[in-house]
Amino acid sequence: MVPNVTLSSGHLMPVLGLGTWGSPKGEVTQAVKDAIDIGYRHIDCAHVYQNEHEVGEGIEAKINEGVVKREELFVTSKLWNTFHRPDLVRGACETTLKNLKLSYIDMYLIHWPMGYKEGNDLFPVDEAGKTAYSDVDYLDTWKEMEKLVKDGLVKSIGVSNFNKKQIERVLAAATIPPATNQIECHPYLNQKKLMEFCKSKNIAITAYSPLGSPNRPWAKAGDPVLMEDPKIVAIAEKYQKTPAQILIRYQLQRGNIVIPKSVTKSRIASNFDVFGFELSAADISTIDSFDCNGRVVPILSAAGHPHHPFENDEF
């Protein structure tokens, strides 16, 4: 059994989940089915990944087979940047529910603090080819997120990729505080300051790209590959584990929720097998020391947006 974290909303969230960002189309349904069979009860999705219908098919199949009940699953999704305008929030959530074939979502996040121009394009651009922005303030979006909880569409709400100042703004205006902040987190970007801040506010950290996102489409030749880092490989050999298992265990021991992605059954199983060993405090310190602000998801296309989270605050 995977341990749970009790969120500020009172709901339980499994500390390990299956990520679905960048999972190849046509392979997601099977990955979700495999994950549920292996024992995963937490699936992380988002509208912008364009595969929620496949996730929904996998979940539906396992519920129909009697492998799992809906209430035993924890499903996260995220409101995309083009739906920040208050009148669009509920419709976006309903689309996600329909795609996932669910009557409620366990956790719904504002995916990024910056709003994009409303319309059918997920990545709208202006005449100059630059990202086209919306001037919506995410505080107005948050008020609509709170209504989703009150109306029973969503159990818990949170944010993703928000920096300290942005979280402080939300907390000052919120009647329901964010239950989690989902952020990029791995040894090259260990997020120690943001983690400590969020925990002081009773906001759980969900770590995405815990393995360094080796399949990210914009990776360049010569970029460091976290799972091939000789120091990580050496620690893995010491514990007779895979580098991925070390990186997942690292997040769990720091008290973070972690959502590694894979569509390969053997890796989905291996990534789940992280509860039978413990890293020493010395090894955690060693891994912490790799931090170099090595962000792999910098979202440079939205550079200059007034709500861009990585330009306007220390962390």
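Which side chain meets Arg 216 in a salt bridge? A few notes on this, and on the rest of the predicted model.

1. Asp 223 is the partner: its side chain and that of Arg 216 meet in a salt bridge, at 3.3 Å from N to O. Arg 216 counts as buried at 10% relative accessibility, while Asp 223 comes out as partly exposed at 26%.

2. Helices α8 (243-253) and α9 (265-272) are the elements that give two or more residues to the lining, with α9 giving the most, at three. Sorted by class, the lining has 22 nonpolar, 15 polar and four charged residues.

3. Back to charge pairs: the whole structure has 18 salt bridges. One to look at is Glu 314 with Lys 193, at 2.6 Å from N to O. Glu 314 sits in the segment after α10 (281-288) and Lys 193 in helix α6 (residues 192-200), so this pair ties together parts that are 121 residues apart in sequence. Glu 314 is exposed at 60%; Lys 193 is partly exposed at 47%.

4. A local pair, for contrast: Glu 144 and Lys 147 form a salt bridge, with their closest N and O atoms 3.0 Å apart. They are separated by about one helical turn because they lie three residues apart in helix α4 (residues 138-150). Glu 144 is buried, at 18% relative accessible area, whereas Lys 147 is partly exposed, at 44%.

Definitions and conventions. Residues are numbered from 1 along each chain as its sequence is written. This is a predicted model: local features need pLDDT of at least 70, side-chain atom pairs count only at pLDDT 80 or more; totals for chains, interfaces and linings use all residues. Side-chain values use heavy atoms; hydrogens and water are left out. Helices (H or I, at least four residues) and strands (E, at least two) are DSSP runs, numbered from the N terminus. Ala, Val, Leu, Ile, Met, Phe, Trp, Tyr, Cys and Pro count as nonpolar, Asp, Glu, Lys and Arg as charged, and the others, Gly among them, as polar. A salt bridge is a side-chain nitrogen of Lys or Arg within 4 Å of a carboxyl oxygen of Asp or Glu. Buried means under 20% relative accessible area, exposed over 50%, partly exposed in between (1.4 Å probe, protein chains only).
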